[in-house]
Amino acid sequence: MKKRYAQGLQFLLFLLIGALILWWLYRDQDPAELLRALKEDVNYFWIVAALMAGLFSHIVRTLRWQMMIAPLEKHPRFTNTFLALMIGYLANLAIPRMGEVSRCAVLSKHENLSFTRLLGTVVAERILDILSMLVALLLVVILQWGVLKGIAGNSFDFSRLYQSLATPGPWVALFLVGAALWFFRKTIRASRFFFKLKDLWMKFKEGFLSFRRVENKALFVFHTVLIFVLYFAMMYLNFFAFPYTAHLSPLASLTVFVFGTLAMVAPVQGGIGPWHFMVITALLAYGIDAGQAGIFALVVHGALNLMILVFGLLSLLVLPFVNKAKA
């Protein structure tokens, strides 16, 4: 019971934070102008095209996840894997980071697979996503450095960071922590908690390293690159839905995409608030009016989360019937 109360409190807290950021961003937005823009300025053909790119990315992610799971026990059915993935995205709208656990639980139940191994594959997926994101960030830093300096306002002094690393304080603290772990290593290894953790780690590690055992590594790499390309395409296609962003270059789209993705690190449901802030900030650097940037962020984010909500709820409804038919 206490756990449920804690989860409920966490849900409300994160939602409140996101709502406050959203209110702060749109406190000066004219509702009449917003409604007019939604009716007259938005070309919904490109919004739908962007959503189709997003849906296709989920299909490709499903195929890649299947490839990672297959070496562990068996090849899961595509339908169950896709439905579990969409339910996971839906769960993230309720509680941040819950989606990774939820999709593993759903697939474990309906395909009779180890939950811990599945969780390992999901962590491996996240690391691949982070690596892809780092590549995109590096491209933005190299190709759009002037824009990034404009966003930062030339106010961040990297020399201070170098000076702090040159002082002995951080290194002494790191040494003391390492020394303490080394001194108490025998006690730690003899504890019951350590043995339980070790068993979980072995299963987790097996799932985490599953990508090394996939049969067709070239296809696996292709899926990984395609997921990133589709995510980028989803953002770029949305640019054509608005008259004030249609002229922006693919590099501008890459910058906005990277900023939006970085915002998803914040533990807020669906990135509500932080995502809008980061996307608006990036668009302002390319000369887009604050009100127009706000409309762009609101429509794009709303459409994406509406798709997740619809497909997630449909997946919840369809899943029992699919598995009943299979049984």
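S315 lies in helix α15. In this predicted model, S315 has a relative accessible area of 3% and is therefore buried, the cut-off for that class being under 20%. Leaving out residues up to four places away in sequence, S315 touches L83, M86 and I87.

Two packed helices are described by the angle between their axes and the distance between the axes. For helix α4 (residues 78–94) and helix α5 (residues 98–111), the angle is about 150° and the axes are 7 Å apart. Because angles over 145 degrees count as roughly antiparallel, α4 is placed in that class relative to α5. The crossing of these two helices is right-handed. On the α4 side, the contact is made by N80, T81, A84, L85, I87, G88, A91 and N92. On the α5 side, the residues are M98, G99, E100, S102, R103, V106, L107, H110 and E111. Sorted by class, the contact has seven nonpolar, seven polar and three charged residues.

In soluble globular proteins, nonpolar side chains tend to be buried together. Here the largest nonpolar core has 68 residues, and I47, F239, F242, L283 and F296 are the ones that touch the most other members. Helix α15 (residues 290–326) supplies the largest share of this core, 11 residues. Another core, of six residues, lies apart from it and includes M67, M68, L128 and F220.

What is I47 in contact with, leaving aside its neighbours within four places in sequence? The partners of I47 are V42, N238, A241, F242, V299 and A303.

Notes:
Residues numbered from 1 in each chain as written. Predicted model: local features only at pLDDT ≥ 70, side-chain atom pairs only at ≥ 80, totals over all residues. Heavy atoms only, no water. Axes fitted to C-alpha atoms, helices over the stretch in contact; angles between N-to-C directions. Helix = DSSP H or I, 4+ residues; strand = E, 2+ residues; numbered from the N terminus. Parallel < 35°, antiparallel > 145°, perpendicular 65-115°, else oblique. Left-handed = near helix turned anticlockwise from the far one by under 90°. Contact = heavy atoms within 4.5 Å. Nonpolar A, V, L, I, M, F, W, Y, C, P; charged D, E, K, R; others polar. Core = buried A, V, L, I, M, F, W, Y, C linked by side-chain atoms within 4.5 Å. Buried < 20%, exposed > 50% of the residue type's maximum accessible area, 1.4 Å probe, protein only.
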